[in-house]
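Take a look at the structure below.

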4 protein chains.
Amino acid sequence: MGYTLKRGLMYRMPTHFGPACGPRRGPEGRNQFLGKDTRSENRVVAVSFLTNPDQLEAMIPEGVGLELGKEPVVTVSVTYMKGILWLAGRGYNMLGVTFPVIFKGKKDRAEGSFLTVLWENLTDAIVTGREELGFSKIYAELPEPELFPDKVHCTAGWLGFTFFDMVVEGLKPLSSQELKSATGLRGSGDGLIHYKYMPRTGVWGTPEVSCVTLTPMRVGGPPAKKEGWKGQGKIAFHRATWEDMPTEYMIVNAFCDLEIKEYRDAYMLRTEGGTVDDLSDTHILQ
Amino acid sequence: MGYTLKRGLMYRMPTHFGPACGPRRGPEGRNQFLGKDTRSENRVVAVSFLTNPDQLEAMIPEGVGLELGKEPVVTVSVTYMKGILWLAGRGYNMLGVTFPVIFKGKKDRAEGSFLTVLWENLTDAIVTGREELGFSKIYAELPEPELFPDKVHCTAGWLGFTFFDMVVEGLKPLSSQELKSATGLRGSGDGLIHYKYMPRTGVWGTPEVSCVTLTPMRVGGPPAKKEGWKGQGKIAFHRATWEDMPTEYMIVNAFCDLEIKEYRDAYMLRTEGGTVDDLSDTHILQ
Amino acid sequence: MGYTLKRGLMYRMPTHFGPACGPRRGPEGRNQFLGKDTRSENRVVAVSFLTNPDQLEAMIPEGVGLELGKEPVVTVSVTYMKGILWLAGRGYNMLGVTFPVIFKGKKDRAEGSFLTVLWENLTDAIVTGREELGFSKIYAELPEPELFPDKVHCTAGWLGFTFFDMVVEGLKPLSSQELKSATGLRGSGDGLIHYKYMPRTGVWGTPEVSCVTLTPMRVGGPPAKKEGWKGQGKIAFHRATWEDMPTEYMIVNAFCDLEIKEYRDAYMLRTEGGTVDDLSDTHILQ
Amino acid sequence: MGYTLKRGLMYRMPTHFGPACGPRRGPEGRNQFLGKDTRSENRVVAVSFLTNPDQLEAMIPEGVGLELGKEPVVTVSVTYMKGILWLAGRGYNMLGVTFPVIFKGKKDRAEGSFLTVLWENLTDAIVTGREELGFSKIYAELPEPELFPDKVHCTAGWLGFTFFDMVVEGLKPLSSQELKSATGLRGSGDGLIHYKYMPRTGVWGTPEVSCVTLTPMRVGGPPAKKEGWKGQGKIAFHRATWEDMPTEYMIVNAFCDLEIKEYRDAYMLRTEGGTVDDLSDTHILQ
């Protein structure tokens, strides 16, 4: 008399009300949004810097096939998205920190950007991303950036504690060549690389799921419009106590401690339209 | 050179910054908050009603050992919490829907309240509850209730769409006997029962985790203060389109369709102080 | 020993900390932002309809020189603004309802759009607009619009109660001629017309200020970029009880009751950049 | 054909939809809430300190009859209110800074607490308070306090910038005598004293309204329940740039600069129930 979970249909908790709707499944079924045209409006503000490779290695889990990639360059990017189809035209924002890694598994090999953490301001996106894809998504307040004629200022907070500031100053239009190569969070190489971990209930400290996942680079069409600016970038994470951020202070403080040897690229991109990539090609690396 | 996940320490994604802090682990280690005194202030507003058992059975997953309990009585409760230690004194709110079930497994047997869904207004609590405990937590806006001399009105929404209203009218103090037996979300019998489900990345429609979990009834000490009122209760879920609530419309609509044969108890409880129960006795039923 | 309010400097309560900063005064003095270049990004979504002139006349205060203008056409517009200089690059949103009026005073004569109400989602803008300009600004939640390939959907709420929906469907680019003539809230004719009223403390029901004010049409330069679409528009105000909106229910209900005889123009505009108009040419009509 | 503003009925902009509802007028008319029973729940956390009298004098407008009162003691209080009748059972929070002043006018004489600024987190309350009463209300985010067994921590922010922290530590119950004399924001002496200022549209830098107002001490009945704790208090205002708080930085910085010679009382009060005082006895002092 109860309900059966149908093989092949996507579910998330609570499973009792039918298959779940989300980025990779709409009310009409799987991949409903994949490849569809949108009126999306996105902005990415990103700053990169050269750091100490030892500090990055300390952020890579051992024994899962991951190692540091070529250059110890960290990219911090904030993305502001509107017109998302799976959210019925709404949007949300995200702040990610990546660096290059190489995966050498028993079967697979990949080079890409390791997504150490991705703060987002919408629970629904956080939950689907963690459980379906293995993205290390956690919550932050991510207000719209402050826009000046020659400057953009991005911030992030948690229940009122501002833990992050990023400024790109002296904004000048990207050349068409620079514009072509500039990308958002999806990064370079084979794509975004994640370490997925889910705890086992009641056996505290034991994983139920532990694997590396890959979100391949988008190979779909370009956005309908794209424009960009470059400038001088700067970032600052602000040291937090446990009382300031009782669930995230150690993450913020690790980035406070991260050496900034030299700033690299800093840019702002705006894109509009284009077709949906629902990330459903994300898979476990072995 | 990378980091090692230490057995016995609790982790959540991102695992790269050390063990996770949350309800069951503070900066000083596991069960840091368990049994500690608090200055917490909680309010529960709850309404029960008799419904059609066939409709409840349709919400129970088959083949996992669960079946409908004695009486098809649904309890809808909203809980407003302040002074939570693991959040460094902050609070959050939750809206849960439960009904009695029996678990008959190969090894275990339990009777308790099936937590079909628990809306919460804090991502951090949602993520730990889903991944560590198997609670079916999802996001909602849960503003403070509207308090009148003889009435309380609770609402819940998602990005501005109000999907739920609950009123308890004609409030009169509970007798000391009623007060003693009145409880919050933890429910009756052996405790709260959950169906935990986690999808496998890339093999869409296949579970990585699928099990029943139990959060035992609190046997710890009582709150320092407790007072309560009863009245005539009424609830209403408001039908939603996919555009209104693209990730939750099917959940809300299932409760819209649920027959209300007869209202039962309706009360408001306020408690203060007492010691922390961190729910770390939650475990998988087999 | 106390401080003196210096003539000619702009003040708002509290006056004890020096002249006020706001749209018409920055830390460097009056008109600091007027005429400055910006990186602003604005969107206007507007729908007009023909209504019953008797209902509009009932919204015009008597004895102050105002009368209904040529055609009883109401325009409801929602404006989403980013990159505002006086807010140090932040933004806010507004929902206004206007119709044509004529002012015939002892000295002045003006034709323009009567701003019956302007909901905004930022207190700072509301307070300066009411006190300095006489705009009838009140508070609303105004989330970013939902954007679809061929449709835009705007909503407004007050503490969770959604009192307004507007849809423009079948979006098609405006011709360059239509684009040139399409404007935002500033309206047509001589500008925006307001009735400013401030109560006298303690003598309840007596005005301290009662006058008509005019915000002249912008004659400044155009935005750096402008694009637009037209479509079929629809609006709906949702009837509210005092309990739903204890300070605004009568306003919302008046618009619920307003007859929609025939929809007219419906469009979405996006503009970027351009120079600041700080509305400091707003003045009292006599 | 237009509408007439009826003498004696209370109005606020927009006046076009009938008399305004607010604290002093409900849908059934003036003083609808005055003296009514409530289920209100309020918390006040307050810290006082001795400061430099010259700094306080610099915050008093000259030539309006105000001078510094006996002792240069500043009280900073945060009030968290729930179950407010005029908001149909909702609540809001406020942060006020007061010190003793004396008013010596042509006709009136009063001693009381000068309300230099009152931050609130609800626009509706800000607008009615400014325009009807002359309270220097401006906007702040005022999240619920962080509650620990022996400590309470209050914060205030503006669009994510935390400008204020207050802690009261070592909490111990007040004696019944202390409890009786402890009060909320209404202060001591004859009541709360304000300087009301409204600018004249178009004649920038000229007041339309400039007067001193008094909100007399509540003489009504006590709350149904009252409990309190005292401890060691500390406050900190955090220096802001114009970019951090473009409309309020000068206010926050004035309090940053205010000398703290010695902390005085620090307490937390909780009250419940009692009858409504709608502050309609506020009047202009002459």
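A salt bridge here is a side-chain nitrogen of Lys or Arg within 4 Å of a carboxyl oxygen of Asp or Glu. The model is predicted.

## The interface of chains A and B

By that rule, two salt bridges cross the interface of chain A and chain B. The side chains of E131(A) and R130(B) meet in a salt bridge, at 2.6 Å from N to O. On the side of chain A that touches chain B, several elements give two or more residues, including β7 (109–120), α2 (123–133) and β13 (207–216) of chain A. Helix α2(A) gives the most, with eight residues. By type, the residues on that side of chain A divide into 48 nonpolar, 19 polar and 18 charged.

The size of an interface is often given as the accessible area lost when the parts come together. Between chain A and chain B the buried area is about 7,400 Å², and carbon and sulfur atoms give 62% of it. Three residues, M13(A), F17(A) and W204(A), supply 12% of the area that chain A buries against chain B, more than any other three residues. In terms of contacts, 85 residues of chain A touch 86 residues of chain B.

## Salt bridges within chains

Over all chains, the structure holds 76 salt bridges. One of them joins E178(B) and K230(B), with the closest N and O atoms 2.6 Å apart. This pair links distant parts of the chain: E178(B) is in helix α3 (residues 176–181) and K230(B) in strand β14 (residues 225–237) of chain B, 52 residues apart. E178(B) has 28% relative accessibility, so it counts as partly exposed. K230(B), at 35%, is also partly exposed.

In chain C, E178(C) forms a salt bridge with K230(C), and the closest N and O atoms are 2.5 Å apart. E178(C) lies in helix α3 and K230(C) in strand β14 of chain C, so the pair ties together parts that are 52 residues apart in sequence. E178(C) is partly exposed at 26% relative accessibility. K230(C) is partly exposed at 36%.

## A chain D pair and a network

The side chains of E67(D) and K104(D) meet in a salt bridge of 3.1 Å, N to O. E67(D) lies in strand β4 (residues 66–68) and K104(D) in strand β6 (residues 90–104) of chain D, so the pair ties together parts 37 residues apart in sequence. E67(D) is partly exposed at 34% relative accessibility. K104(D) is partly exposed at 41%.

A network of salt bridges links E41(A), K225(A), E272(A), R43(C), E227(C) and R270(C).

## Backbone points to check

Most residues other than glycine have a negative phi, and most peptide bonds are trans. A cis peptide bond joins M13(B) and P14(B), with omega about -10°. P14(B) lies in the segment before β1 (25–26) of chain B. Another cis peptide bond joins M13(D) and P14(D), again with omega about -10°. P14(D) is placed in the segment before β1 (25–26) of chain D.

Phi is positive at L279(C), near 65°. L279(C) sits in the loop between β15 (262–272) and β16 (283–285) of chain C. Its relative accessible area is 17%, so L279(C) is buried. Phi of A88(D) is positive too, near 55°. A88(D) is found in the loop between β5 (73–84) and β6 of chain D. At 0% relative accessibility, A88(D) counts as buried.

Technical notes
Residues are numbered from 1 along each chain as its sequence is written. Chains are lettered from A and ligands numbered from 1 in the order in which they are written. This is a predicted model: local features need pLDDT of at least 70, side-chain atom pairs count only at pLDDT 80 or more; totals for chains, interfaces and linings use all residues. Side-chain values use heavy atoms; hydrogens and water are left out. Contact means heavy atoms within 4.5 Å. Buried area is the accessible area (1.4 Å probe) that two parts lose on being put together, summed over both. Helices (H or I, at least four residues) and strands (E, at least two) are DSSP runs, numbered from the N terminus. Ala, Val, Leu, Ile, Met, Phe, Trp, Tyr, Cys and Pro count as nonpolar, Asp, Glu, Lys and Arg as charged, and the others, Gly among them, as polar. Buried means under 20% relative accessible area, exposed over 50%, partly exposed in between (1.4 Å probe, protein chains only).
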